Amino acid sequence: MPARILLIEDNPDNMDLMAYLLEAYGHVTLAARDGETGVEIARRELPDLIICDIQLPKLDGYGVIRELRRHTDLRNIPVVAVTAFAMAGDCDALLAAGFDGYLSKPIEPESFVGQLERFLPDYLRSNSLGFDFDRPEDAQHERPEHS
Ligand code: MN
């Protein structure tokens, strides 16, 4: 079963790259370009995983995680911060704010999906879709059909 992953990111290049990589491994992505829209989509769609930028219009990443953790139905969804300033102090602040983990920008295409899938249960990972990370050509395959 593919995972439904919400991307909250205002930089269009980063958004496109993240969506491309995740979809290449069979996942379904939802996109929000500001924090308020991100929270709205999260409440409506209950995604399996949320990837969240920190510097965002309307509501920044810290505001987003505060909102997500306030709602009981969203509290258990893993949220990973993607941030340009992942230095030691910021990492602690991100985890203290309630993020489950963080990745630093720029995104590394070779490891991005694998790093994120650690936050998904086994049955939602791409290897359960028949993909194998050791075969890079798998990223070229079309998404397998699932009922
Ligand atoms: Mn940003």
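Q: Accessible areas come from the Shrake-Rupley method with a 1.4 Å probe, and for residues only the protein chains shown count as cover; what does the accessible surface of the protein come to?
A: About 7,700 Å², and carbon and sulfur atoms hold 48% of that. This is a predicted model, where local features need pLDDT of at least 70 and side-chain atom pairs pLDDT 80 or more, while totals for chains, interfaces and linings use all residues. Residues are numbered from 1 along each chain as its sequence is written, and side-chain values use heavy atoms, with hydrogens and water left out.

Q: Why are Asp 10, Asp 53 and Gln 55 called donors of the manganese ion?
A: A donor is an N, O or S atom within 2.8 Å of the metal (3.2 Å for Na, K and Ca). The OD atoms of Asp 10 and Asp 53 and the O of Gln 55 sit 2.0 to 2.2 Å away, so they qualify. Water is not among the atoms, so the site may look incomplete. Asp 10 is in the loop between β1 (4-8) and α1 (12-24) and Asp 53 in β3 (49-53), so the pair ties together parts 43 residues apart in sequence.

Q: Why does Asp 53 count as buried, whereas Asp 10 is partly exposed?
A: Buried means under 20% relative accessible area, exposed over 50%, and partly exposed in between (1.4 Å probe, protein chains only). Asp 53 has 6%, so it is buried; Asp 10 has 33%, so it falls in between.

Q: What makes Lys 105 and Asp 53 a salt bridge?
A: The rule asks for a side-chain nitrogen of Lys or Arg within 4 Å of a carboxyl oxygen of Asp or Glu. Here N to O is 3.0 Å, so the pair passes. Lys 105 also bridges Glu 9, at 3.1 Å. Lys 105, at 19%, is buried, and Glu 9 is buried at 1%. The whole structure has 7 salt bridges.

Q: How do you know that Tyr 62 and Phe 99 are edge-to-face?
A: Rings of Phe, Tyr and Trp (its six-membered ring) pair if their centres lie within 6.5 Å; planes under 30 degrees apart are stacked, over 60 edge-to-face, the rest tilted. The centres are 6.4 Å apart and the planes 80 degrees, so the pair is edge-to-face.

Q: What makes a set of residues a nonpolar core?
A: Its members are buried Ala, Val, Leu, Ile, Met, Phe, Trp, Tyr and Cys residues joined through side-chain atoms within 4.5 Å. The largest has 21 residues, with Leu 6, Ile 8, Ile 50, Val 64 and Phe 99 having the most contacts inside it. Another core, of 20 residues, lies apart and includes Met 15 and Leu 124.

Q: Which residues does Cys 52 touch beyond four places in sequence?
A: Contact means heavy atoms within 4.5 Å, and the partners of Cys 52 include Ile 8, Val 64 and Phe 99. Cys 52 lies in β3 and is buried at 0%.

Technical notes: Helix = DSSP H or I, 4+ residues; strand = E, 2+ residues; numbered from the N terminus. Areas by Shrake-Rupley, 256 points an atom, 1.4 Å probe, with all protein chains shown as cover.
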